[in-house]
Amino acid sequence: MGWPQFLIFIGIYLGISFTIGIVVGIIGASNNIDVEQIFTGYQAGIIEFVVIMMALLFYKKIRRFVWESFSFSPLKEKKTYGYMFVGFLIFYLTQYILIELIAIEDASNQPADLGFNNLPGFSLEYILFFVSIALLVPLYEEVLYRGVLHRFLEVRYNFWVGITISSLVFGLLHIGFPISATIMGIVMVVLFKLTKSIIPSILLHILWNTFAVIVWSTM
């Protein structure tokens, strides 16, 4: 896959994002819905998931390119779960050190930004929040950053270009904790490389986000 195909996919992705954004904005404004919350809260995760799936549906070349990274074979090997455990441990220690100990990052606003603080206890909205943050966000982020961006750069250039750029982009888009998010991106790529499948990184991402939601629920 070359740059033209990659840029076409980005164009489709941005075009769908813009269209859905306009539609949601109009519907929200006409019904007195907090549009800003929709685009910054957990609803944004659902929208992004839909956008990615639609972009893959519309562009067969990228869909086939991403599908090549899916393999369930590593789930039959015990070492895969060992890798995932080490990855989870790195996530935890990284955020504990950077956020709690030396306090150079701050993720305290994340629950509020995602709308978690306004959820009415265990409800349909809570379930939607959980599905969005713990399931859909990990899935679309792994597909986009590891399955598309990293793999494209690795195939086009080399592994180090792929892991560096995809991890930095992933980290910079996580406001409040860009360093730890960048490290998370690196771990995900390494896990992908070790298992030759994106599925373990998706599962690890789901486990981490589920852990975060559980922690928020007990605060």
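**Close-up views of a predicted helical model**

View 1. Residues are numbered from 1 along each chain as its sequence is written, and side-chain values use heavy atoms, with hydrogens and water left out. The span 126-211 is 88% helix and 0% strand, and its end C-alpha atoms lie 15 Å apart; helices (H or I, at least four residues) and strands (E, at least two) are DSSP runs, numbered from the N terminus.

**View 2. The aromatic pair of Tyr92 and Phe211.** Rings of Phe, Tyr and Trp (its six-membered ring) pair if their centres lie within 6.5 Å, with planes under 30 degrees apart counted as stacked, over 60 as edge-to-face and the rest as tilted. By this rule the count comes to 17 aromatic pairs. One of them joins Tyr92 and Phe211, edge-to-face at 6.3 Å centre to centre and 65 degrees between the planes. The pair links helix α5 (residues 78-101), which holds Tyr92, with helix α10 (residues 199-218), which holds Phe211, across 119 residues. Ring pairs also link Phe88, Phe91, Tyr92, Tyr96, Trp208 and Phe211 into a cluster.

**View 3. Arginines over rings.** A charge sits over a ring if NZ of Lys or CZ of Arg is within 6 Å of the ring centre and within 35 degrees of the ring normal. Arg146 lies over the face of Phe170, at 4.4 Å from the ring centre, and Arg151 lies over the face of Phe65, at 4.2 Å from the ring centre.

**View 4. The largest nonpolar core.** A nonpolar core is a set of buried (under 20% relative accessible area, 1.4 Å probe, protein chains only) Ala, Val, Leu, Ile, Met, Phe, Trp, Tyr and Cys residues joined through side-chain atoms within 4.5 Å. The largest such core has 49 residues, and those with the most contacts inside it are Phe9 and Phe129. Among the elements that give two or more residues to this core are α1 (3-30), α3 (42-58) and α9 (178-195), whereas α7 gives the most, with 13 residues. Not counting residues up to four places away in sequence, Phe129 touches Tyr42, Leu114, Phe116, Leu119, Ala134, Val213 and Trp216, where contact means heavy atoms within 4.5 Å.

Methods: Predicted model: local features only at pLDDT ≥ 70, side-chain atom pairs only at ≥ 80, totals over all residues. Buried < 20%, exposed > 50% of the residue type's maximum accessible area, 1.4 Å probe, protein only.
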